[in-house]
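Q: Hi! Could you walk me through this one while I have it open?

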Amino acid sequence: MFQQLPMYQRVGDQAFKKDLTKTLQFAKHLGEPHKKFKSVHVAGTNGKGSSSHMLASVLHEAGYKVGLYTSPHLKDFRERVKIDGQLIDKKSVVNFVKTHKKFITDAKLSFFEMTVGLAFDHFAKQEVDIAVIEVGMGGRLDSTNIITPEISVITNIGLDHTAHLGSTLPEIAREKAGIIKKGIPVVIGEKHKETTPVFKEIAEKQNAKLVFAQDFRFPQYSTDLKGDYQNKNMKSVLGAVKLLREKGWNIPEECLKNGLNSVKLHTSLQGRWDILQEKPKVICDTAHNKEGLKLVFKQLKREEFQHLHIVLGVVNDKDLESILPLFPKDAQYYFCKPEIPRGLDAGILAEKAARFNLEGRIFDSVSKAYEVAVNSALDEDLVFVGGSTFTVAEII
């Protein structure tokens with residue numbers, strides 16, 4: 001199915017569909033599984049994956065059977081569909097594709113449409129108490145947007161996927177706000193003067209209770225996810241827990257604390273400020289847009305090291321003019337290309353990076369770049385790997 005179905009993460013625009021028609025047809029074919037379980041819908045430019053994993057961990061600690069649908073995956077396709085932290089088993093995936101192969105191929109479903117159907121079918125059959133569903137891209141026309149959740153969450157709005165979602169913050173906010181359903185409460189993680197009016201307008205139209213997490217004074221909580229940016233994501237999660245409690249979900253304070261401190265244990269989340277080794281210290285992070293990278297480099301500045309080595313690989317639709325100025329100029333770069341069709345040629349990346357005084361060597365693979373970077377670094381140095389989810393996936 002990987003070969004037959006276009007996957008946006010791998011091939012880009014040709015796999016992107018701005019239409020829910022086929023998703024709805026597939027859901028009908030499957031017996032409308034999305035109507036057979038409770039859910040939380042999570043959108044946002046950055047942090048929706050981390051927030052989804054945090055929330056799933058908290059709900060698991062509270063004793064619920066929790067489905068978790070996220071994308072993209074790092075190493076194994078099955079990472080996208082989990083129940084209580086366990087990957088969907090291979091047999092279930094194989095049987096699903098075998099059973100529905102004719103419909104999938106006849107309808108020319110995208111990889112994402114097929115996977116959403118698989119996830120919803122699995123959650124329904126396994127009778128989860130609640131599923132945390134992460135939006136793929138945008139919200140309004142994302143394949144996940146056929147659910148009617150208990151609550152909706154929008155973490156933040158930034159300039160990413162502008163070719164599909166709009167070139168301004170209000171335009172992008174309008175697409176993300178497409179997950180706001182009639183009468184369903186929604187929490188917004190971050191307030192912004194350009195996007196707040198959009199959320200207020202759409203929530204009012206939908207008669208949906210609207211809360212901004214920033215408006216609440218929550219107690220200080222900690223999490224086992226060590227990126228500083230997780231404090232922003234935690235506010236979205238705390239807002240979500242507040243709304244779920246109001247709807248009658250039993251989430252004791254102790255479960256909230258334990259859930260936030262056991263995200264990796266309960267969900268196996270990787271690639272978010274992941275420290276892979278010490279001496280030399282190696283950190284990887286999947287941040288790949290302006291807003292995400294700003295936060296990562298702010299934290300990187302506080303690390304103590306002698307020399308900084310950066311293994312960098314990106315995809316070919318990335319707005320390099322906006323992200324390359326953020327990268328530190330005093331680092332040694334190891335330019336590489338993620339092993340996917342969308343990967344940007346390492347030579348082109350190096351050429352563009354040189355315009356921003358980022359200098360380094362070119363490698364024909366992420367693994368070779370990583371190997372040379374780690375072997376070149378002294379014990380007191382720091383190696384950072386990033387630029388794309390797919391660059392991180394190849395070394396994790």
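A: Happy to! One term before we start: helices (H or I, at least four residues) and strands (E, at least two) are DSSP runs, numbered from the N terminus. This is a predicted model, where local features need pLDDT of at least 70, side-chain atom pairs count only at pLDDT 80 or more, and totals for chains, interfaces and linings use all residues. Residues are numbered from 1 along each chain as its sequence is written, and side-chain values use heavy atoms, with hydrogens and water left out.

Q: Thanks! Where is W273, and what is its phi near?

A: W273 sits in the loop between helix 11 (263-267) and strand 9. Its phi is near 45°, a positive value in a residue other than glycine.

Q: And is W273 buried or exposed?

A: W273 counts as buried because its relative accessibility is 3%. Buried means under 20% relative accessible area, exposed over 50%, partly exposed in between (1.4 Å probe, protein chains only).

Q: What about N357?

A: N357 is not a glycine, yet has a positive phi of about 60°. The loop between helix 14 (346-354) and strand 13 (360-362) holds N357. With 48% relative accessibility, N357 counts as partly exposed.

Q: Last one: what does I251 contact?

A: Leaving aside neighbours within four places in sequence, I251 is in contact (heavy atoms within 4.5 Å) with V58, L59, A62, V241, L244 and R245.
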